[in-house]
Amino acid sequence: MVDKNFESSGITVPNNHVSALYNQYAGMLLGYIFEVVKNMTVAEQYLIAVFKDVPYELGELTKPGSNVFCQLQIIARKKLAGFFDSVHNCEDGAERRPAIANTNNKYIGTMNSEQQLVFCGIYWHGKTISRLAIELDKTEDAVKKILKECFTTIRNSSR
Amino acid sequence: MIREYIDSGILEAYVIGAASEQEEKEVLRMKAKYPEVKEALLQLELDMEKVARHTAIIPPTGTWDKIEREINEITPRPEVKPAKFSRTFKPNNDKDNGFIEVGSTSTHMRIHKNWRWVFAAVFVLGKIFLGCAIYFYLENRQAQLQIKELKTEISHYQK
């Protein structure tokens, strides 16, 4: 295992720290990215891009009180921003179809169609609350309420 | 009031990555101020992990090797400190001063353009001297032959 000193940022980051995060979260992240891009080769490339940035974000990732997976997912979503934009552009002219990425998902399956549209639209299609509000012809507060219901459904179905 | 804030769905929007920059700042401020908000966020982050764990995929073999290689290729640039100004010039002979030493390893040398006239003159003079040497060698050989003939004739007459 090669140790790498990132002197410019003033921190010492051994590769085994990154390796530990990889072992714990790479599968979950790859699953998420794959649901977005629907291509394993592309998903792997995004995964590599995310973990390449981890040494620089290690301070933020290991900060007390922060959830490492959520932080990694934020990095992944930033990397996927270009992909989200291109998907939106493709959808603009086409007939709007439900933004349901994976109905086989245990948690998504228990949601109603409106909740699925909101949750999958944000989670896998990178849509903003305001965009969904326009698409569903609802207020932003109403979309947030539906999103809250989604999380309640997830919590209830895991009990 | 806090209950209303938690129930508004803004925390869910923050955790899923759909909150605006202003909302993110507000959530972080509320998280630091109210333990209820912190607890709610913690629970939501665990919910996100549950969904991600359900769609997890084992990364292809060799993905970590690619990541490790990418990380190791990032070479930190050493900080070069500028020399302090002083009235007396002191040449910096320190080998680790950030400059690449080329003189000792290169097999080529560079000289001033004026030297080409010197080299041309040396070349022309060399040719002239060579011509002279050949001419006088032949003249000398001819003279030696004539002397030899004259000696033979004289000895012939003496007999």
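Which helices of chain A and chain B each supply at least two residues of the lining of the largest pocket? In this predicted model, chain A contributes helix 2 (40-61), helix 3 (68-79), helix 4 (81-93), helix 7 (129-136) and helix 8 (140-157), while chain B contributes helix 2 (10-16), helix 3 (21-33) and helix 4 (35-54).

**The largest pocket**

The space in the largest pocket amounts to about 900 Å³. Its lining comprises 37 residues. Nearest the centre of the pocket lie A:Ile74 and A:Lys78 from chain A, together with B:Tyr14, B:Gly17 and B:Glu24 from chain B. Helix 3 of chain A gives the most to this lining, with seven residues. Sorted by class, the lining holds 15 charged, 13 nonpolar and nine polar residues.

**The interface of chain B and chain A**

Contact between the chains involves 41 residues of chain B and 51 residues of chain A. About 4,400 Å² of area is buried between them, and carbon and sulfur atoms give 66% of that area. Of the area that chain B buries against chain A, 14% comes from B:Ile16, B:Ile57 and B:Trp64, more than from any other three residues.

Polar interactions also span this interface. Ten residue pairs, given as 10 with both members at pLDDT 80 or more, are in polar contact across it. On the side of chain B that touches chain A, two or more residues come from each of helix 1 (2-7), helix 2, helix 3, helix 4 and helix 5 (63-73) of chain B. Helix 4 of chain B gives the most to that side, with 12 residues. The class composition of that side is 21 nonpolar, eight polar and 12 charged residues.

**Salt bridges**

Side chains of opposite charge can pair when their charged atoms come close. Over all chains, the structure holds 14 salt bridges, and five salt bridges are found across the interface of chain B and chain A.

Technical notes
Residues numbered from 1 in each chain as written. Chains lettered and ligands numbered in written order. Predicted model: local features only at pLDDT ≥ 70, side-chain atom pairs only at ≥ 80, totals over all residues. Heavy atoms only, no water. 1 Å grid on protein atoms, 1.4 Å probe; cavity = no way out; pocket = protein on both sides within 12 Å on 5 of 7 lines; lining within 4 Å. Points joined across faces, edges and corners; volume = space filled by probe spheres on them. Helix = DSSP H or I, 4+ residues; strand = E, 2+ residues; numbered from the N terminus. Nonpolar A, V, L, I, M, F, W, Y, C, P; charged D, E, K, R; others polar. Contact = heavy atoms within 4.5 Å. Buried area = accessible area lost by both parts, 1.4 Å probe. Salt bridge = Lys/Arg side-chain N within 4 Å of Asp/Glu carboxyl O. Polar contact = N/O pair within 3.5 Å; in protein donor to acceptor, adjacent residues only side chain to side chain.
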